[in-house]
Amino acid sequence: MDPTTDNAGPSGNLGTARDALEALRAEIAKAVVGQDPAVTGLVVALLCRGHVLLEGVPGVAKTLLVRALASALELDTKRVQFTPDLMPSDVTGSLVYDTRSAEFSFQPGPVFTNLLLADEINRTPPKTQSSLLEAMEERQVTVDGTPRPLPDPFLVAATQNPVEYEGTYPLPEAQLDRFLLKLTIPLPSRQDEIDVLTRHAEGFNPRDLHAAGVRPVAGPADLEAARAAVAKTTISPEITAYVVDICRATRESPSLTLGVSPRGATALLATARAWAWLTGRDYVIPDDVKALALPTLRHRVQLRPEAEMEGVTADSVINAILAHVPVPR
């Protein structure tokens with residue numbers, strides 16, 4: 001995913017919501033080097049009211065990416081470090097006894113924010129992992145039988161380390177399916193890494209985004225206008241059938257024990273629609289579906305053990321399906 005953008009200033013000087021969201025890339029690049037596809041994926045998730053699983057080794061700026069996005073969008077953000085002793089109430093909040101009023105009052109947890117960074121989500125037990133399910137799906141938290149709505153927009157950006165599995169709790173398929181996208185954060189290229197070190201040598205402080213020059217270039221109003229525009233993007237019956245054919249092919253693949261569910265097909269249609277709008281069209285084409293197929297589907301399929309031993313990956317299976325399924329004209 002790598003759309004082209006024009007330079008833009010603050011959202012007040014921009015003509016359209018699309019311009020405002022495209023300006024995010026230039027603004028976030030002041031703090032994060034070389035992660036344009038991840039930035040675009042996060043914007044797509046916000047447009048689709050979805051959540052994102054970020055996978056990458058430690059030190060590739062996953063946390064900084066989310067913080068920079070929140071700053072450039074004027075959104076509130078909170079971070080939770082998931083650990084084996086973290087309790088569900090540490091995420092959602094709990095009832096606290098007030099000695100002055102002799103009553104219990106609700107103390108909101110960090111989930112009451114716009115962008116929640118769930119750092120190393122696979123390091124906490126399933127009971128705590130599942131505390132996010134209601135928040136992600138229903139956009140609310142229920143404590144003591146009382147539902148409490150979360151702010152809008154609301155996005156969970158969960159991170160996990162792909163190389164260190166000791167002491168971790170793999171996310172169950174039901175929870176993986178709640179993430180709209182799984183974005184892989186690669187190690188930077190040689191030139192990007194040189195740029196990172198040069199910035200640090202010149203005094204860049206990742207904890208001070210304001211000093212780095214990151215300014216709000218869009219806001220919740222731009223995001224709401226963009227969502228309304230995305231909802232009007234045309235999807236032809238041929239594109240709908242193409243998405244269905246891709247997802248059905250995963251269920252028939254000999255390399256997979258689990259294919260993409262209808263929820264995954266719906267997700268692919270939604271992300272392709274948002275991508276089409278971001279690239280300047282009011283209709284979806286097959287290339288939009290192909291562009292979003294990997295991040296939307298890679299975490300919704302399960303490899304057979306024998307295929308995994310032979311070096312087959314979810315991405316390679318999906319790419320083979322994309323090459324095989326007939327493309328509508």
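Author: Let us begin with E74, which is found in the loop between α3 (62–73) and β2 (77–81); helices (H or I, at least four residues) and strands (E, at least two) are DSSP runs, numbered from the N terminus. This is a predicted model, in which local features need pLDDT of at least 70 and side-chain atom pairs count only at pLDDT 80 or more, while totals for chains, interfaces and linings use all residues. Residues are numbered from 1 along each chain as its sequence is written, and side-chain values use heavy atoms, with hydrogens and water left out.

Reader: What is the phi of E74?

Author: Most residues other than glycine have a negative phi, and most peptide bonds are trans. E74 is not a glycine, yet its phi is positive, about 55°. E74 counts as exposed because its relative accessibility is 53%, where exposed means over 50% relative accessible area, buried under 20%, and partly exposed in between (1.4 Å probe, protein chains only).

Reader: Where is D144, and is D144 buried or exposed?

Author: D144 sits in the loop between β6 (140–143) and β7, and with 65% relative accessibility it counts as exposed. D144, a residue other than glycine, has a positive phi near 55°.

Reader: Is the peptide bond from D152 to P153 cis or trans?

Author: That bond, from D152 to P153, is cis, with omega near 5°, and P153 lies in the loop between β7 (146–149) and β8 (155–160).

Reader: How many residues does the largest nonpolar core have?

Author: In soluble globular proteins, nonpolar side chains tend to be buried together. A nonpolar core is a set of buried Ala, Val, Leu, Ile, Met, Phe, Trp, Tyr and Cys residues joined through side-chain atoms within 4.5 Å. The largest one here has 75 residues, and those with the most contacts inside it are L21, L24, I28, L47 and V289. Helix α11 (residues 262–278) supplies the largest share of this core, nine residues. Apart from it lies another core, of 23 residues, among them F82, V111, L132 and L150.

Reader: Which residues is I28 in contact with, leaving aside its neighbours within four places in sequence?

Author: Contact means heavy atoms within 4.5 Å, and I28, with those neighbours left aside, is in contact with V39, L65, A68, L69 and A72.
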